[in-house]
Amino acid sequence: MPNWGGGAKCGACDKTVYHAEEIQCNGRSFHKSCFLCMACRKALDSTTVAAHESEIYCKTCYGRKYGPKGIGFGQGAGCLSTDTGDHLGLNLQQGSPKSVRPSTPTNASKFAKKVVDVDKCPRCGKSVYAAEKIMGGGKPWHKTCFRCAICGKSLESTNVTDKDGELYCKVCYAKNFGPKGIGFGGLTQVEKKG
């Protein structure tokens, strides 16, 4: 039977999605404005979405909810984090998201939201706003401050590690905090004394 009502139904709001405003994910259609993480409500795109059955999440919330648990598992490869995602409304012990309460009354304009608690960067101590925020070690950082504490190299989720609230590249972390001895930490030769 043909669909006389226009397009498919949105996976989030169940209203008709027309072709010009359609985003498809996991065999379902969404309005661009409805394509949001179910936990933190962050806007998603094809590079940041992670689908689980009929639910869609940003990769961070998906990892916290469905990824491996425990110390050493977090936002990316090599990242040590014990962040449970409580600040995003995830209740990992029960396996379902808590209800997310808006920070402003529902009748307020979305542009008139109050800035309540702005995160502070651990490196410089200044406010970190969403446009410049990178999460590392369970804390928000400025993109420009997201560098190795020893060599100053710019970090990414694939090469970041944290220890005692500070960020390091994998190389500096291994040299300073990894195992020592022959075959570890770059020591390859033993000098002969004589």
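**A walk through the salt bridges, cores and rings**

By salt bridge I mean a side-chain nitrogen of Lys or Arg within 4 Å of a carboxyl oxygen of Asp or Glu.

Before going on, a word about the ground rules. This is a predicted model, where local features need pLDDT of at least 70 and side-chain atom pairs count only at pLDDT 80 or more, while totals for chains, interfaces and linings use all residues. Residues are numbered from 1 along each chain as its sequence is written, and side-chain values use heavy atoms, with hydrogens and water left out.

Now, how many salt bridges does a search of the whole structure find? The search finds two. Besides the pair I opened with, the side chains of Asp-119 and Lys-133 meet in a salt bridge, at 3.2 Å from N to O. Here too, distant parts of the chain are linked: Asp-119 is in strand β9 (residues 119-120) and Lys-133 in strand β11 (residues 133-136), 14 residues apart.

Are these residues buried or exposed? We call a residue buried under 20% relative accessible area, exposed over 50%, and partly exposed in between, using a 1.4 Å probe and protein chains only. Arg-123 is partly exposed at 31%, and Glu-166 is partly exposed at 24%. Asp-119 is partly exposed with 31%, and Lys-133 is partly exposed with 33%.

Let me step back to the whole chain. It holds two helices and 14 strands; these are DSSP runs numbered from the N terminus, with helices being H or I of at least four residues and strands being E of at least two. Of the 194 residues, 26% count as buried.

On to the nonpolar cores, meaning sets of buried Ala, Val, Leu, Ile, Met, Phe, Trp, Tyr and Cys residues joined through side-chain atoms within 4.5 Å. Which residues touch the most other members of the largest core? Among its 14 residues, they are Phe-35, Cys-37, Leu-44 and Ile-56. Strand β6 (residues 55-58) gives the largest share of this core, with three residues. Phe-35, leaving aside neighbours within four places in sequence, is in contact (heavy atoms within 4.5 Å) with residues including Ile-23, Phe-30, Leu-44, Val-49 and Ile-56. There is also a second, separate core of twelve residues, and Cys-145, Leu-167, Tyr-168 and Cys-172 are among them.

Strand β3 (residues 22-25) and strand β4 (residues 28-31) run antiparallel and are joined by four bridges; strands pair if DSSP finds at least two bridges between them. Ile-23 has Phe-30 as its bridge partner in β4. Two residues lie between the strands of this hairpin, and Asn-26 in the turn has a positive phi of about 55 degrees.

Next, the aromatic rings. Rings of Phe, Tyr and Trp (its six-membered ring) pair if their centres lie within 6.5 Å, with planes under 30 degrees apart counted as stacked, over 60 as edge-to-face and the rest as tilted. That rule gives five aromatic pairs. One of them is Tyr-57 with Tyr-66, edge-to-face at 5.9 Å centre to centre and 65 degrees between the planes. Tyr-57 is buried at 0% relative accessibility, whereas Tyr-66 is partly exposed at 29%. Together with Tyr-62, these two form one aromatic cluster.

Helix α1 (residues 59-66) has Cys-61, Arg-64 and Lys-65 buried. Seen down the axis of α1, the buried residues fall within an arc of 95 degrees, so they line one face of the helix; the arc is that of the directions from the helix axis to the C-beta atoms.

I'll finish with two loop residues. Most residues other than glycine have a negative phi. Asp-14, however, has a positive phi near 65 degrees, and Asp-14 is found in the loop between β1 (8-9) and β2 (16-17). Glu-53 likewise has a positive phi, of about 50 degrees, and lies in the loop between β5 (49-52) and β6. Asp-14 is exposed at 55%, and Glu-53 is exposed at 67%.
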